[in-house]
Amino acid sequence: MKENKLGHRGIHVLMGIAALIWMIPFAAFFKREIALFPDGWSYFNWTRFVYDNITRGVYPLWQPFDNWGYPVGFKIRFLGEFNPLFLLMMIPYKLGISYPVVYFAYAVGYFLLGIYGFYRICLHLTQDQISAYLGFIILLFSNMGIAIFFNYCEIALFVPAVWFFYFFLTFCSGPTRSSLIGMTFAVMMILTTYMPFYFLTAFLAFLVIAAVLYMRDLKPILVQSLRFLIQHRGLTVLCVAAILVSAVPGYITYKETGSSEFSYDHRKADSSESAVTTGVSMVNAGSILGPVTWRGLLFGQKYQDNYLSYFFLPAGAIFILLMTIFNPFNRRLALCLGVALGMFYIVITNASGVTQFLYDRVFFFRIMRNIFYLFYLAVPFVVFFVVEQLRIWMASEKQNGSISRIWILLVATGLIVYLKIQGHALVSIYISVIGIASALIFNVQNFSRWAFALAVTFFFLVHPIDVYRHYVSNVAEVIPAGEIFEPRHPKFHYQRPDFGTKPAFAAHEFEESSGFTLQKFAGTQGAALLQNNTDPGAMSRYTRNKFIAYDQTVTQSFASQNWFQIGRHLIELQNEAIVVGDGESIRQAPASAQVISSDSDLFRVTHFDLNTISFETNFPTRKFIVYNDSYHSGWTARVNGEAGPIWQSNIAFKGLWLEAGPNLVQLRFGSVWLERFYFLLMIVFMLVFAGLIHLLVQERSRE
Amino acid sequence: MNKYVGWINRSLVVYLIVGGLIYVTIDHQQATIKILNHDRNAARYVNRHALRPDVEFDEAKFYKAGEYQRRLIKLLPDEYLSHGVLGYIYYQLGDIPRAIRSYQRAARVRPELFGFHYNLGLIHFQNQDWEQAVASFDKALAAGPTASIEHHQVIARQMLDGPNQQAWIQSKAGQLKQAYELTQLLRSKAQQRQGLSEAENASLYYYVPEMETGIKPLDVIVNHRKTGESL
């Protein structure tokens with residue numbers, strides 16, 4: 001290989017061009033001409049939900065517009081909302097840039113940042129620009145990017161995971177403040193995503209295998225690292241504190257969803273005490289076998305659908321693996337293979353005993369529902385394996401010889417013949433294999449590194465672009481034009497839509513549902529009881545009303561419910577709220593409860609946002625007000641400035657007694673200090689990120 | 001010594017060791033069943049397409065159903081019904097040589113069934129391979145309708161309720177009769193090396209495979225086939 005480099009600018013120009021080429025097949029998604037897959041649409045929506053609230057100074061703790069209200073932390077965790085880049089994109093959104101542009105600029109930009117991080121890892125390890133560039137384009141044109149349109153939480157984990165490994169490797173090579181802060185920041189980001197335990201699994205596998213393979217290097221690395229940490233103890237303490245503080249949101253979410261107050265039927269929890277655990281049957285159903293098969297790597301790709309996101313590599317990578325089978329095997333290859341193999345054994349679930357073994361003994365395997373996400377973290381190891389194989393081959397003195405050329409020709413011919421016999425291989429695979437083989441046979445890299453880089457780019461990309469083209473055409477679902485994405489604010493309506501109806505809301509309002517859902521229900525236990533045991537069409541005649549005033553209450557246990565009677569009691573607005581606890585009755589109460597359908601002198605909502613609602617009452621008699629928003633122990637009430645009890649009422653909702661005369665009531669979910677803590681945490685993330693950038697720039701300018 | 005270590009320390013050796021490790025440690029049947037289950041709906045779709053004129057052709061589903069049947073055949077090599085379905089799939093996908101091979105395998109396992117010989121004859125006739133067409137039609141005509149009707153009765157009992165069973169069997173018997181009559185006509189035309197435009201539109205005869213009735217879980221059926229235990 002020629003010693004002259006492509007140049008720092010040159011390689012970045014090439015990477016920029018490759019990134020632009022990557023975007024072309026997916027243009028219809030970015031232009032909102034075709035729909036995202038339902039999960040992808042969910043991330044799109046939730047990001048906007050967070051933006052709309054945070055820009056108004058409210059951190060979402062509760063979602064009042066769906067499933068009659070539920071703690072929303074676990075939905076927000078999917079997004080990694082403390083990511084400074086995520087937060088910075090609120091600025092263009094607030095300034096009026098179209099939301100889809102903002103979202104995709106962030107989503108794609110963040111993804112590309114992760115791929116660039118992988119480039120830095122490859123460059124650090126191989127010290128060869130071409131190899132690192134190859135790693136960049138293979139990973140970019142793998143299955144990873146499909147997650148933008150499908151399961152974005154995988155990108156939210158992948159990016160900090162990649163940068164963690166980069167800073168970890170550079171720290172082990174020679175500790176610096178930037179690498180320590182880089183690792184810290186990456187861990188902070190991972191802890192505030194949905195799936196820190198997926199990363200933990202992959203990292204532990206990496207550590208164990210690396211410790212075995214690099215045993216002799218372990219001691220000097222540990223000594224060097226400890227010395228650095230002690231010398232910079234102030235910084236070390238700050239980093240540890242930042243990590244601990246970052247663990248708080250995840251811990252709160254875990255406690256919230258793990259409590260018996262939360263219901264998430266879809267996960268088929270095997271514990272009645274914790275909705276967040278997943279039954280082993282659900283884990284086994286998340287196997288990668290089926291969506292991914294050996295044949296699927298090369299055949300039938302004309303019919304690609306969303307399972308493309310599970311695992312895909314350009315055919316050129318497979319050709320490289322075949323071509324390099326006589327390469328010597330080194331520790332790096334063993335490490336990559338070991339991690340990938342470890343993840344493989346887990347993600348094939350009950351086709352091996354590994355998953356059951358871990359499920360029975362390691363607590364976090366009981367909360368990892370989509371176990372195939374682990375293989376996402378294995379893909380960079382597989383790609384580096386390919387890169388390292390090619391690097392070893394190209395560095396070998398024998399690769400210029402005629403035997404080497406004959407071997408390449410044999411492998412390429414053999415692969416082409418195999419593809420032809422099997423059938424259903426895209427033409428682009430043939431072009432890719434022939435092109436790469438030709439570039440290697442004719443030693444293009446020895447003539448010009450630019451020519452080789454361009455040849456590699458073209459022949460590696462031609463196959464995945466073809467696959468992406470088929471994928472997009474197979475999943476395309478055209479969106480009617482005219483969707484508006486104005487910034488929204490929460491507006492209180494006294495009534496919800498009836499079940500089965502979808503009334504139009506103003507573009508600047510959050511849409512509200514009837515509460516009943518035909519999809520995965522996530523919410524409070526009481527709400528789940530209503531969802532599962534009552535007829536939506538009938539019960540929505542009750543739940544459509546947000547506020548109802550009763551004169552008396554009656555106690556009822558939730559065990560052995562006669563749902564028909566309860567349903568009738570509620571729908572007929574019989575003037576007795578059902579409460580858990582001591583009921584109270586009065587003589588000569590009116591037969592019907594009073595539905596509050598608008599502001600009046602008796603009742604007026606004075607403030608409403610996601611986490612709080614305030615209202616004034618002035619009833620002539622004592623009333624039990626039921627607010628048909630889910631009951632949860634995290635709600636507190638202040639009546640005329642004094643704390644007061646909230647009762648679980650009418651199975652799923654909140655109720656409280658109010659005396660006759662004027663009352664000022666504030667109901668709040670969570671604590672205002674928790675909201676302030678989350679905003680403060682966002683500032684902490686920004687500061688750590690800014691510090692990291694500053695140190696990186698400083699160290700680079702010294703070099 | 002270093003030379004020998006150098007020979008062993010090759011990626012190919014590692015791949016073989018890892019491949020061997022995977023081979024001995026994973027549960028092959030469970031793995032195959034997982035892969036099969038993934039494409040099971042596509043296999044069911046092919047049945048619907050074959051049995052109902054209102055179901056449109058979907059190339060992607062046919063391809064996946066073909067993957068399903070190929071894997072099932074690896075598990076159960078003599079599963080003649082899967083060979084038959086695969087022949088149908090290949091035919092619909094335009095892969096005639098593979099369609100012929102699949103029907104030939106099915107006919108080898110169950111030569112007494114009319115449909116596989118008929119399908120082969122039809123395909124040869126459409127390709128104007130007259131001698132092969134005549135040979136296949138001869139075998140089809142020699143195979144009486146009894147075995148085919150019995151097969152349809154088994155499937156009807158698994159798929160349908162009482163009154164619907166009889167209606168379905170009668171419908172299949174009617175199709176069988178029509179197919180016999182067409183076979184005689186096609187045989188005569190093939191002998192005269194005369195094409196027949198109706199043959200272009202003639203439908204393949206279709207046997208519904210047992211394991212895609214959806215009534216039994218796949219692993220139960222697979223175990224039954226291997227051990228002979230009753231369902």
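1. Helix α9 (residues 130–142) of chain B packs against helix α11 (residues 162–191) of chain B at an angle of about 150°, with the axes 9 Å apart. Because of that angle, α9(B) is roughly antiparallel to α11(B); the term applies to angles over 145 degrees, with under 35 degrees counted as roughly parallel, 65 to 115 as roughly perpendicular and the rest as oblique. Axes are lines fitted to C-alpha atoms, for helices over the stretch in contact, and angles run from 0 to 180 degrees between N-to-C directions. Helices (H or I, at least four residues) and strands (E, at least two) are DSSP runs, numbered from the N terminus.

2. This is a predicted model, in which local features need pLDDT of at least 70, side-chain atom pairs count only at pLDDT 80 or more, and totals for chains, interfaces and linings use all residues. Residues are numbered from 1 along each chain as its sequence is written, and chains are lettered from A and ligands numbered from 1 in the order in which they are written.

3. The crossing of α9(B) and α11(B) is left-handed, meaning that the near helix is turned anticlockwise from the far one by less than a right angle, with clockwise giving right-handed. On the α9(B) side the contact includes Trp130(B), Phe137(B) and Leu141(B), and on the α11(B) side it includes Leu186(B), Arg187(B) and Ala190(B). Contact here requires C-beta atoms, placed from the backbone, to lie within 7 Å. By class, this contact has eight nonpolar, three polar and one charged residues. Ala, Val, Leu, Ile, Met, Phe, Trp, Tyr, Cys and Pro count as nonpolar, Asp, Glu, Lys and Arg as charged, and the others, Gly among them, as polar.

4. In chain A, helix α9 (residues 153–173) and helix α18 (residues 373–395) pack at about 35°, their axes 10 Å apart. Their crossing is right-handed. Glu154(A), Phe158(A), Ala161(A) and Val162(A) from α9(A) meet Tyr373(A), Tyr376(A), Leu377(A) and Pro380(A) from α18(A). This contact has seven nonpolar, no polar and one charged residues.

5. Between the chains, 21 residues of chain B and 24 residues of chain A take part in the contact. On the chain B side, the elements giving two or more residues are α2 (11–25), α3 (28–38) and α5 (59–75). That side has nine nonpolar, six polar and six charged residues.

6. Chain A is divided into domain 1 (8–477 + 679–702) and domain 2 (522–670), with bounds from an automatic or database domain assignment. Their centres, taken over C-alpha atoms, are 47 Å apart, and 18 residues of domain 1 are in contact with 19 residues of domain 2. On the domain 1 side, β3(A) gives the most, with three residues. By class, that side has ten nonpolar, six polar and two charged residues.

7. Chain A has an open sheet of five strands in the order β9-β10-β16-β12-β13, with antiparallel pairing. Strands count as paired if DSSP finds at least two bridges between them. β9 (603–608) and β13 of chain A are the edge strands, each with a single partner, so one side of each lacks a neighbour in the sheet. The twist averages 25° from one strand to the next.

8. Within this region, β12 (residues 635–639) of chain A pairs antiparallel with β16 (residues 661–669) of chain A over five bridges. Ala637(A) stands opposite Leu667(A), and Val639(A) has Val665(A) as its bridge partner in β16(A). Three bridges join β12(A) to β13 (residues 642–644) of chain A, where the bridge partner of Val639(A) is Glu642(A). The hairpin of β12(A) and β13(A) has two residues between the strands, and Asn640(A) takes a positive phi near 55° there.

Notes
Two residues are in contact if their C-beta atoms, placed from the backbone, lie within 7 Å.
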